Amino acid sequence: MSKLIIASNRLPIRIDKEDNEIKVTPSAGGLATGLKSYHRENDSLWIGWPGIMPETDKEAATIEALLKKEHCLPVYLEADLVSNFYDGFSNATLWPLFHYFTEFTQFNETYWDAYCQVNALFAEAIIQQAEENDTIWVHDYQLLLLPNMLREKRPDLTIGFFLHIPFPSYEIMRILPWREEIVAGLLGADLIGFHTYDYARHFKSSVKRLLGFDVEFNQILLDNRQVFIDVFPMGIDYKKFEKYAQKIQSTPIQERSKEHQDIDRFLMSVPDRKLILSIDRLDYTKGIPQRLKAFRYFLEKYPEYKEKVSLVMLTVPSRTDVEQYQNLKNEVDIHVGNINGEFGTINWNPVIYFYRSVPFENLIELYSSADVALLTPLRDGMNLVAKEYLASKVNHTGSIILSEMAGASKELGEAISVNPNNIYDTAEAIYKALTMPEEEKKKSVISMQKRIKRYDVYKWASEFMTALGNTVEKQSDYHARKISSEIKSKIVNDFAQSKSKVFFLDYDGTLQGFFDDPQAAYPDEALYALLDDVAALQNLHLVLVSGRDKETFDKWFGNKPYTLIAEHGAWLKPLGEQWIERKAVQSDWKENIRPVLESYVDRTPGSLTEEKTYSLAWHYRKTEIELGALRAMELVTYISNLIINQDLEILEGKKVVEIKVSGINKGIAASEYLHANPSEFVLAIGDDWTDEYLFKELPENANTIKVGTENSVAKYYLNNYKEVRTFLKDIIAFKNK
Ligand code: GDG
């Protein structure tokens, strides 16, 4: 049975050395907290950096034994590497950039080299452990190159990737000097998951713009496989929080922990005293100074809350070696000092500030005691604290103020939503949360709880794994039909044994690649030579069947010994004869359509029209990608209304919309040809939607081949026009044997 290997920068436990003693502590942070429950239940192997480099073999053995108990395996990193990879490229380049802090983003070759090196070390460690067809689940921004490194070495593996932080808009992503490498690194995965639809949308936009791959809904069509993109908002171990909160609720006050009794005493010492809670790593993305400014403004505007409200701010030390984090710490210290100095009294500190992490039990005590959770990150992939706070509210009390920039805000629609940069609105939100009627609070807490209880971390992980399994099934259908050496021998054998043969070959995308200007895609010398060799095969007819206009086709192939079918079948040039018009129709319809297409050219820079005998086409290959697709959709709707009751139809090809006389398509043309020239062996190759007509109309025993990875009725697949050329060469070579 295949196993699951989880790979993330940090392991769920952290190894430290204190007074020569090896110590194990649970890792803080969203990923570790969320995923460790799933790991425990699913007998997976977790590979990551334990946070320490052993000094002796004995020490390494101790560390590995401790990790093994937790089903973990270490990737050791030298101190230099940690500094350039972790503090450097991960936290001083990717982290600020992906959270839209371009002013903090550092570009440094040494950081980049270390990042590549560490990703390669992870790939090596995984490959050593992975057996055939195992599943690898890679996590987060520290390992963006890993999926493709694994894919290159081990194509048999099923690879999933989940990004825990936002994926930024293309306008931000394009700033990065290594943007193409990063996006290509991720595309090694079979499935890439994000917390929200916006992040997925941004990623697809970068794929299209940076690497030029086509994206169809949630699939990216690479040359040789598909990558699936989907949204999986991460959940928490809901029951664990709920259970623990219930336990403390039912514990009599005098039996509670010392810390909890301190909180109780503090709240009870003044009637109707309220506690606002905020918990985050001390990180500039979390909006801590803005939050403090908002709280200060609240105290100024609503002086009646003096001595009645305190903000308990738990900030967990994080990335303390990075300069911005040290600066932030100083800034927060100053804000807290100022507020407490200005508003505090002998009996009251407006801000109760902790710069440390607390044990899980104390965390739940804080969640259960707080009247309001004030969570105002400037950007946050998800924000699990919001969900944990709600899960701990077993009495359905409390309210939550949540930044609209946190991924969690998409699911927690009943929270009081704020723009964290607007300190005045945030102050008003605090007032609203404190004065909201109990019934209203209860209603919104219950409805949010229902949602996050259902979609907890187990559901999140299992939905991801199910989706990953499904992508593999979809890929395997494609791979089964991909022309292998066995399929190729079968086709070549049939070919050799047949007395009469015909090849129907599409041109653009099948024999030649795409160019921005369609006229630039003329046949190169190698292609002419190849087609001549094909046409010279005994008992074989070569038919080129294309949507191209007959003039271009005539110029390129008019004197060649091939049959030509142009304009999707409107024109036929049998071998050695003149062009024949297959259907006589009037062309006055063009007068109505042409101005419409011209207006689309004016409004869509980069697009152009093309006129053929039976059709008018609007090409948008060179336009801004989304604008072109949007205009194409508009154009199709508009023209559909114009051509009602006319003998016309619309074809949507690759980056082209074509309006043409109906009853003409490549399939009808090819089957008429076959009727007049019956053949034992039929081969048809095409890449486009319009070639599907060809595949459908041909007899059952025809060898139909789709170029590309989109769904097709064709029997087989090849990846691109280069593979088509090689395939044709192989047939010729066989004959020469
Ligand atoms: C990243 C993304 C995304 C905090 N203080 C203590 C403590 N914690 C635990 C909380 C929570 C976790 O740390 C923090 O998770 P967040 O989601 O809020 O934020 P990040 O660490 O930045 O996580 C984030 C997440 O990945 C998951 O995909 O949501 O957007 O930035 O679980 O409970 N735990 C203990 N003591 C503390 O003092 N025990």
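Predicted model: local features only at pLDDT ≥ 70, side-chain atom pairs only at ≥ 80, totals over all residues.
Let's visit a few, then head for the ligand.

Select Glu428 and Lys301 to begin. Their side chains meet in a salt bridge, 2.5 Å from N to O. Glu428 sits in helix α15 (residues 423-435) and Lys301 in helix α11 (residues 288-301), so the pair ties together parts 127 residues apart in sequence. Both ends are partly exposed: the relative accessible area is 28% for Glu428 and 40% for Lys301.

Next, pick Lys482 and Glu723, whose side chains form a salt bridge at 3.7 Å, N to O. Lys482 is in the loop between α17 (457-481) and α18 (485-497), while Glu723 belongs to helix α25 (residues 721-736), so this bridge ties together parts 241 residues apart in sequence. Colour by accessibility and you'll find Lys482 buried at 18%, whereas Glu723 is partly exposed at 25%.

Now show the ligand and the 24 residues that surround it; the closest are His164, Val358, Asp380, Met382 and Glu388. Zoom in on His164: an N or O atom of its side chain is 2.6 Å from an oxygen atom of the ligand. Turn to Lys286, where a polar side-chain atom lies 3.0 Å from a ligand oxygen. The protein covers 91% of the 730 Å² of accessible area that the ligand has on its own.

Finally, colour domain 1 (4-231) and domain 2 (239-454) separately. Both give residues to the shell, so the ligand lies between them. By type, the shell divides into 12 nonpolar, 8 polar and 4 charged residues.

Conventions
Residues numbered from 1 in each chain as written. Heavy atoms only, no water. Near = heavy atom within 4 Å. Polar contact = N/O pair within 3.5 Å; in protein donor to acceptor, adjacent residues only side chain to side chain. Areas by Shrake-Rupley, 256 points an atom, 1.4 Å probe, with all protein chains shown as cover. Nonpolar A, V, L, I, M, F, W, Y, C, P; charged D, E, K, R; others polar. Domains from an automatic or database assignment. Salt bridge = Lys/Arg side-chain N within 4 Å of Asp/Glu carboxyl O. Helix = DSSP H or I, 4+ residues; strand = E, 2+ residues; numbered from the N terminus. Buried < 20%, exposed > 50% of the residue type's maximum accessible area, 1.4 Å probe, protein only.
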